[in-house]
Protein chains: 2
Amino acid sequence: MNGGGQPASKQSMRRHNLALVLRQVAASESASRATVAARVGLTKATVSSLVEELRLAGLVIEHVPENQGRVGRPGGALALNPRGAAGVGVEVNVDYTAVCVADLTGAPRVRLTERADNRGRGAEETLHSAGRLAARACAAARRAGLAPVQVTLGVPGLVHDDRVLHAPNLDWRHVPAGDLLVRGLGRQRLAVSVDNEANLAAIGEFQARPPGAGASFLYVSGEIGIGAGLMVDGELFRGGGFAGEIGHVTVIPDGPECGCGARGCLERYAGQDALLEAAALDSVSATRLGSAPAVTATATRTGGGPGRHALQEAPTEGSAPVERLAALAAEGDDAAVRALAVAGRALGVALSGAVNLLDPPEVVIGGIYARLAPWLIPSLQVQLHERVTSGRWRSDRLRVSGLGTEAAVRGAAGAGVQAILRDPSAYIDLTSPVL
Amino acid sequence: MNGGGQPASKQSMRRHNLALVLRQVAASESASRATVAARVGLTKATVSSLVEELRLAGLVIEHVPENQGRVGRPGGALALNPRGAAGVGVEVNVDYTAVCVADLTGAPRVRLTERADNRGRGAEETLHSAGRLAARACAAARRAGLAPVQVTLGVPGLVHDDRVLHAPNLDWRHVPAGDLLVRGLGRQRLAVSVDNEANLAAIGEFQARPPGAGASFLYVSGEIGIGAGLMVDGELFRGGGFAGEIGHVTVIPDGPECGCGARGCLERYAGQDALLEAAALDSVSATRLGSAPAVTATATRTGGGPGRHALQEAPTEGSAPVERLAALAAEGDDAAVRALAVAGRALGVALSGAVNLLDPPEVVIGGIYARLAPWLIPSLQVQLHERVTSGRWRSDRLRVSGLGTEAAVRGAAGAGVQAILRDPSAYIDLTSPVL
């Protein structure tokens, strides 16, 4: 996006302006070519030719009122095409695998979830099974008129070049995750990339925000592990490639030993296993599912005209032990309430450090923390107010994600969509011989 | 720099390309117009006209070999003009005030330092005095052929809109620092801006890096307070405006009370006062200087041809109590060595958290930590190796700043210079009526 190192040539102008127009279409409600031209500051003729290119590539549709009838009239309402290119997200986590297919508007159109103890069955079997689930989702998406283009796999670990270097909670080391997933996908022609689960969850959270909501926030994802994603003006901050490991920020230097080898890490106080243990509940490994994993499916057909489509939202389903913890806390169970207060305090210590260091306009807690927020937030806010310098903390800077544990898989699906929206010329150049 | 939201027009192309050519001149050793054209990917004719514009504005010089004689020949070696626009940095810290004037190449040309207990004499007197010191430095710079354009003031506190909201170690609250400095400057026509001292130190550290060194690092500045600056691809990360307060990251949640109101902050273990106290040495307030502040001055004249100029480097002078601490540690004094090991451990806990969260390719310790590095680093490295996840820490990711306590004032001087290099068209449009 930042052409700082490139000269401005005609070709880079076309690329820049195609993206500019497509982003304007995405950001506007039913804008015409003329409106888009006025908003982006280009001539109507230039915008018309760019829109035509986007329309022919199947990225944009033009909705013409019934009584006019001619397709492509300059006065028609422009919108992203919800029956074109689609992104596929796959999330492999410790206790479930999830798949989501999103159309170009970012709307989730197919969702499949498989409950399984992925910690117990090894990388190869887990990824093969995840690939098969993704293949089923792609087939459903094609039946709904979509064209899956790009698969993004999210895993709770350190990822480099589509390989998982280390995913401690899955007990994976040096797993060629992209390649293994492709085998499970079968004979599908899809590009596959792999990313960290918390990074993708932050992207998912960003994409699900209402228009006008801030584009900079620190997202914290509670699962068996705890990850963070720093979103800066709508772009994920990746540091040297392994940013976001907030689960291993020290809370108490001489605290209990963590799986990572250090002591007193946040995960030891606020990770799902630590929480369940402190609340005297069984962890996921103790409530292992049977050999036939349970699959929940939701496929959604487009209804209504192009640009508008009805969606059946599947309820976000938490994992059984987290639901049990929430139920106990709601009943006022001492151990559950105490465990959540301790976790909230530890989260508050780690997050106040992150806020002092990074000053994100907002902090969003997601994953299992979304479900458990009512019991985490009081002690969390106390720490933030006490520890963020100069009393600059305001309670409304802390938000709870509306996506819960779905954020990562939705973000993974949206990642491919975003790539197209950012640089439509690359997609057009790639697909134009076919059109 | 990022034109993502703007259409590419002729005017933005000129702006873009002027900056592109100027940056290429800055990055190259004696490149000709033809070489620059080849490197930036524009035609020779376009580059020649851009270079001419930069040359007329006094930003670029063209060095023609003796035996040719015609100025402006396309074959001449291009360089930034070291006798043109200059940036002025002013740093007001707890125990000193410093001024630096840098030419367009970033080279410091005038430096003045005044030792004073700024904690004791109030914001108005301190800033008036700093303004007078800056006026003296500007006069010396003009005598050396420079044209000071922009003053940047650095303070150890939270800054917003050229006002200091809170500088706890100076005991300032809501100080209109920019305005107060201007009064001390007298009848100088200079733009003044204010920034956080650690932010500017990170910029100074970046500007002083040898070509080829990484442009992404976390800089940690030890002074009475501790600040950090996260440099990402050569740009300072500012978050919501108050990023970098690493001194108030929690090291031990139930630790000793900090001036900020929280407990167990890094500053309570590794700030200058905490260090001196732990080593049983007097802090700066106890070694207060007399009423006549000591001033150290270094003015450097340009020698040699344009593009090359000799510089007399003034030795970096640490504060007396820090020098005493270093001397004691060098002698093996128990209390001094122990205090530094404790500080190094606390720094290691806070920095490993920052590394887990942000994964900066490098961490650079500066300010007083540069002088004290030999005794801080061993315990600091132990913590980093132990706490950075998955054993990804490598000792060579930790560097010691070569600038010591000079980084902030050098960065402040360079900030104005960088603004010109980034957008020369703004400078040209501003100054062209005069030329």
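Q: In this predicted model, which residue stands opposite Arg173(A) in β9(A)?
A: His166(A) stands opposite Arg173(A).

Q: What makes β8(A) and β9(A), residues 172-175, a pair of strands?
A: The number of bridges decides. Pairing needs at least two bridges between the strands. β8(A) and β9(A) are joined by 3. They therefore count as paired, and they run antiparallel.

Q: Which residue in the hairpin of β8(A) and β9(A) takes a positive phi?
A: Asp171(A), with a phi near 60 degrees. This hairpin has 4 residues between the strands.

Q: How do you know that β7(A) pairs with β8(A)?
A: Apply the rule of at least two bridges again. Between β7(A), residues 158-160, and β8(A), residues 163-167, there are 3 bridges.

Q: Why is Arg109(A) called buried?
A: Its relative accessibility is 0%. The cut-off for buried is under 20%. Arg109(A) therefore counts as buried. Arg109(A) lies in strand β5, residues 108-115 of chain A.

Q: What makes the approach of the Arg109(A) side chain to Pro82(A) a polar contact?
A: A polar atom of that side chain lies 2.7 Å from the backbone oxygen of Pro82(A). The limit is 3.5 Å, so the distance qualifies.

Q: Why is the link between Arg345(B) and Asp254(A) called a salt bridge?
A: The closest N and O atoms are 3.3 Å apart. The rule asks for a side-chain nitrogen of Lys or Arg within 4 Å of a carboxyl oxygen of Asp or Glu. The pair therefore passes. Across the interface of chain A and chain B, the rule finds 2 salt bridges.

Q: How many residue pairs are in polar contact between chain A and chain B?
A: The count is 22, with both residues at pLDDT 80 or more. On the side of chain A that touches chain B, α10(A) gives the largest share, 8 residues. That side divides into 24 nonpolar, 20 polar and 9 charged residues.

Q: What area is buried between chain A and chain B?
A: About 4300 Å², with carbon and sulfur atoms giving 60%. In chain A, Pro253(A), Leu357(A) and Arg387(A) lose the most area to chain B. Together they make up 14% of what that side buries.

Terms used:
Residues numbered from 1 in each chain as written. Chains lettered and ligands numbered in written order. Predicted model: local features only at pLDDT ≥ 70, side-chain atom pairs only at ≥ 80, totals over all residues. Heavy atoms only, no water. Buried area = accessible area lost by both parts, 1.4 Å probe. Polar contact = N/O pair within 3.5 Å; in protein donor to acceptor, adjacent residues only side chain to side chain. Helix = DSSP H or I, 4+ residues; strand = E, 2+ residues; numbered from the N terminus. Nonpolar A, V, L, I, M, F, W, Y, C, P; charged D, E, K, R; others polar. Buried < 20%, exposed > 50% of the residue type's maximum accessible area, 1.4 Å probe, protein only.
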